Amino acid sequence: MRTVVDRLTSGRRPTFSVEFFPPRDEADEAILWRSIRELEPLDPAYVSITYGAGGTSREGTIRNIARVATDTTLVPMAHLTAVDHSVAELRHVIGHFAAVGVRNILALRGDPPGNPMGEWVAHPRGLTYAEELVRLVRELGDFCVGVSAFPYGHPRSTDLETDTHYLVRKLDAGADFAIAQLFFEADDFLRLRDRVAAAGSDALMLPGIMPLTTPRTWRKTIELSGATPPRWLVERLEPLSDDPKAFRAEGLDVITELCEQLLAEGVPELHFYTFNRSKATRELVDRLGLRAPRTQAAVTGA
């Protein structure tokens, strides 16, 4: 069994992982699998597929992460949320993941369907907190479990101290690592890592990275971070909003600099959000020297 933690603590050089979302139709599925096949030779530490906003697109997640497990050389990680699931349904999904060889699960409470900031209402026979889902996954088998983290604090948290408390509770419930939501500067992630360590947890903290290739990905980064971007970054990117080629070049330079700072601080892995495309991720992997040496020749010209 290959787990995320095994891949990140086996003495390997710094590496990367990639995150996809479930396809909406056959055309989307073809794009997804083209990207997976293009990234496979680069030997990412693991590949994840989200569970869909508000718990939607579940079947696509389950079907495609199972295919990653059975039809590729990649290490799969399934996202799982408690949204609109009874405990019995969650047990069934977790059992299916195990049956197809998926032993890494990112356990998330999830957002209310249709409105991420709407009122959270648990399934009457379900779970309320991510830490409960972590415990359930742990009870059902030998899984490697991850959770989410928020460099600026979860939108529902009152302050960073409270947010850190609940993050550490998720880790103490049995999670092996946490993936941080998007952020703008390396120090934002490093302060999160320091807060977790100061609270007594030695779990792996991994940064989530969005390649900035278009104004759309820039707006998505702002939305998902839940924070106001620093002025210096706005001044670098906003003037290029009407020049796609220049924006892409500057955006990838910004992300390259961010990743270099994180790697210099000992971060073992960078988790790239791909929008189901591979080109920008492949470019960043090359710039940062993250290709596994044994695959270098195999992917020349990819």
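At 72% relative accessibility, R24 counts as exposed, where exposed means over 50% relative accessible area, buried under 20%, and partly exposed in between (1.4 Å probe, protein chains only). Its salt bridge partner is D28, which is buried at 15% relative accessibility. You are looking at a predicted model, in which local features need pLDDT of at least 70, side-chain atom pairs count only at pLDDT 80 or more, and totals for chains, interfaces and linings use all residues. Residues are numbered from 1 along each chain as its sequence is written, and side-chain values use heavy atoms, with hydrogens and water left out.

**Confidence**

- The protein chain averages a pLDDT of 90; pLDDT is the predictor's confidence in each residue, from 0 to 100.
- A pLDDT of at least 70 is reached by 91% of the residues.
- Residues 295–302 have a pLDDT below 50, and this stretch has 9 contacts in the model beyond near neighbours in sequence (contact means heavy atoms within 4.5 Å).
- Where pLDDT is low, the predicted coordinates should not be read in detail.

- Helices (H or I, at least four residues) and strands (E, at least two) are DSSP runs, numbered from the N terminus.
- In strand β4 (residues 104–108), 5 of its 5 residues are buried.
- Both faces of β4 are covered, with N104, L106 and L108 on one side and I105 and A107 on the other.
- Strand β3 (residues 76–81) runs parallel to β4 and is joined to β4 by 4 bridges; two strands pair if DSSP finds at least two bridges between them.
- Across this pairing, A78 stands opposite I105.
- From β3, the chain passes through helix α4 (residues 87–99) to β4 in a right-handed β-α-β crossover. Right-handed means that, with the strands pointing away from the viewer, the path from the first strand over the helix to the second runs clockwise.
- β4 also pairs with β5 in the parallel sense, over 3 bridges, and N104 stands opposite C144 in β5.

**Strand β6 and its neighbours**

- Strand β6 (residues 177–180) is covered on both faces: F177 and I179 are buried on one side, A178 and A180 on the other.
- Strand β5 (residues 144–149) runs parallel to β6, with 4 bridges between them, and V147 stands opposite A178.
- Together, β5, helix α6 (residues 160–172) and β6 make a right-handed β-α-β unit.
- β6 pairs with strand β7 (residues 204–209) in the parallel sense, over 4 bridges, and A180 has P207 in β7 as its bridge partner.
- Another right-handed β-α-β unit is made by β6, helix α7 (residues 186–198) and β7.

**Salt bridges**

- Side chains of opposite charge can pair when their charged atoms come close.
- The structure holds 16 salt bridges, each a side-chain nitrogen of Lys or Arg within 4 Å of a carboxyl oxygen of Asp or Glu.
- Between D28 and R24, the closest N and O atoms are 2.8 Å apart.
- E40 and R37 form a salt bridge at 2.9 Å, N to O; E40 is buried at 14%, while R37 is partly exposed at 36%.
- K220 and E223 meet in a salt bridge at 3.5 Å, N to O.
- Because K220 and E223 are 3 residues apart in helix α8 (residues 215–225), about one helical turn separates them.
- K220 is partly exposed at 29% relative accessibility, and E223 is exposed at 54%.
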